[in-house]
Amino acid sequence: MRRTIDHHTAAPTDRVRSVIGDLTTYSDWLTIVDRAEPAPPHADDAGPAWFVTLRARLGRFSRAKRLRMVRTVDTDGRVVFERHEHDGRRHSRWVLSAEVAADGDDRGSAVRFDLDYDGGLLEPVVSRLLDGEIEESRPRLETVLSQG
């Protein structure tokens, strides 16, 4: 499953970069992120790590999944988080990348998020939930960005 989300905001690029570069902020604006907390570093990590608990609700049913995500790229305009578990087991691939640039009119920022997930279990359900979550997250992200 792959999703690309484009978002335009009046917030300056420095503020947007600080919010999207720290997974602990995601639970403030993305409801599928139930919690994100710093994880202990590992010698094989390319950058800081977080334990991220994803929670999806469908009617009265709820499912949670805990991922260990590592920031593998952190450049001036791009950040990438990848799933890196250190338990010796094979896991589904999760990659979230975000690119931030000044909007063409120099009055804000353009953000592009790309999410790649290669787990096939319940993908149609996850896809529908994610589509709804994306639209609902936009005003919450704006609120977080305005608090800076």
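The model is predicted: local features need pLDDT of at least 70, side-chain atom pairs count only at pLDDT 80 or more, and totals for chains, interfaces and linings use all residues. Residues are numbered from 1 along each chain as its sequence is written, and side-chain values use heavy atoms, with hydrogens and water left out. The protein chain has three helices and seven strands. Tyr26, Trp29, Trp50, Phe81 and Phe113 form one aromatic cluster.

**Overall fold**

- Read from the N terminus, the elements of the protein chain follow the order β-α-α-β-β-β-β-β-β-α.
- Helices (H or I, at least four residues) and strands (E, at least two) are DSSP runs, numbered from the N terminus.
- The radius of gyration of the protein chain is 15 Å, which agrees with the value near 15 Å for a compact globule of 148 residues. That radius is taken over C-alpha atoms, and the globule rule is 2.2 Å times the number of residues to the power 0.38.
- The C-alpha trace of the protein chain spans about 45 × 40 × 25 Å along its principal axes.
- Of the contacts in the protein chain with a separation of 6 or more, 48% join residues 24 or more positions apart. Contact means heavy atoms within 4.5 Å.

**Surface and burial**

- The protein chain has an accessible surface of about 8600 Å², and carbon and sulfur atoms hold 49% of this. The areas come from the Shrake-Rupley method with a 1.4 Å probe; for residues, only the protein chains shown count as cover.
- Buried residues make up 39% of the 148 in the protein chain. Buried means under 20% relative accessible area, exposed over 50%, and partly exposed in between (1.4 Å probe, protein chains only).

**Aromatic pairs**

- Rings of Phe, Tyr and Trp (its six-membered ring) pair if their centres lie within 6.5 Å; planes under 30 degrees apart count as stacked, over 60 as edge-to-face and the rest as tilted.
- By this rule there are five aromatic pairs.
- Tyr26 and Trp29 make a tilted pair, 4.9 Å centre to centre with 45° between the planes. Both lie in helix H2 (residues 26-29), three residues apart, about one turn of the helix. Tyr26 and Trp29 are both buried.
- Tyr26 also pairs with Phe81, edge-to-face, at 6.2 Å centre to centre and 80° between the planes. This pair links distant parts of the chain: Tyr26 is in helix H2, Phe81 is in strand S5 (residues 78-83), and 55 residues separate them. Tyr26 and Phe81 are buried.

**Charge over a ring**

- The charged end of Arg66 sits over the ring of Phe51, 3.8 Å from its centre. The rule asks for NZ of Lys or CZ of Arg within 6 Å of the ring centre and within 35 degrees of the ring normal.

**Nonpolar core**

- A nonpolar core is a set of buried Ala, Val, Leu, Ile, Met, Phe, Trp, Tyr and Cys residues joined through side-chain atoms within 4.5 Å.
- The largest nonpolar core has 32 residues; Ile20, Leu23, Tyr26, Trp29, Val52, Phe81 and Phe113 touch the most other members. Helix H3 (residues 123-146) gives the largest share of this core, five residues.
- Beyond its neighbours within four places in sequence, Tyr26 is in contact with Val19, Ile20, Val33, Phe81, Leu96 and Phe113.
- Ile20 lies in helix H1 (residues 13-20). Ile20 is buried because its relative accessible area is 2%. Not counting residues up to four places away in sequence, Ile20 touches Tyr26, Val79, Phe81, Ala98, Val100 and Phe113.

- Thr9 belongs to strand S1 (residues 2-9). Thr9 counts as buried, at 5% relative accessibility.
- Thr9 touches Val16, Arg107, Gly108, Ser109, Glu142 and Leu145, with residues up to four places away in sequence not counted.
- Arg138 sits in helix H3. Arg138 counts as partly exposed, at 23% relative accessibility.
- Arg138 is in contact with Ile5, Asp6 and His7, leaving aside its neighbours within four places in sequence.
- Arg138 and Thr9 are 129 residues apart along the chain, and their C-alpha atoms are separated by 9.5 Å.

**An exposed loop residue**

- Pro41 is in the loop between strand S2 (33-39) and strand S3 (49-58). Pro41 is exposed, with a relative accessible area of 77%.
- The C-alpha atoms of Pro41 and Val70 are separated by 9.2 Å, with the two residues 29 apart along the chain.
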